[in-house]
Amino acid sequence: MTLSIQNMIDQAEKMQRRKDAITLHRIEGYEFTPEQTAMFEMFDREEFTAEQRIDYIKQKYEQAGIAAAEWAMSFTATR
């Protein structure tokens, strides 16, 4: 699969935004788990919309019985 120059730029910008967000969370005292990092990388790779990201996170954390879905949605909403 050949990526156009614009697609490569878009991917690089997404990666930089994700790194910036992770850095900001780290400054605030929160460390992402490897699983969370992989999830957000998947969102970018598969070009999930904000709504798809929210639905995925809700389903994942509701199934696990974890109340962290609110946190994850707040992060996704800024994307």
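**View 1. Contacts across the chain.** Take the contacts (heavy atoms within 4.5 Å) between residues at least 6 apart in sequence: 43% of them join residues at least 24 apart. This is a predicted model, where local features need pLDDT of at least 70, side-chain atom pairs count only at pLDDT 80 or more, and totals for chains, interfaces and linings use all residues. Residues are numbered from 1 along each chain as its sequence is written, and side-chain values use heavy atoms, with hydrogens and water left out.

**View 2. The helices.** You'll find four helices and zero strands here, with helices being DSSP runs of H or I, at least four residues, strands runs of E, at least two, and numbering from the N terminus. Of the chain's 79 residues, 25% are buried, meaning under 20% relative accessible area with a 1.4 Å probe, protein chains only.

**View 3. Where α1 meets α2.** The axes (lines fitted to C-alpha atoms over the stretch in contact, with angles from 0 to 180 degrees between N-to-C directions) of α1 (residues 5-27) and α2 (residues 34-45) come within 10 Å and cross at roughly 155°. The two helices are therefore roughly antiparallel to each other, a label for angles over 145 degrees. On the α1 side, Q11, K14, R18 and I22 make the contact, and on the α2 side T37, F40, E41 and D44 do.

**View 4. Along α2.** This helix has 12 residues and reaches 16 Å from first C-alpha to last, close to the 16 Å expected at 1.5 Å a residue (1.5 Å times one less than the number of residues). Its buried residues are Q36, M39, F40, M42, F43 and D44. Just after α2, E47 takes a positive phi of about 55°.

How values were computed: Parallel < 35°, antiparallel > 145°, perpendicular 65-115°, else oblique. Buried < 20%, exposed > 50% of the residue type's maximum accessible area, 1.4 Å probe, protein only.
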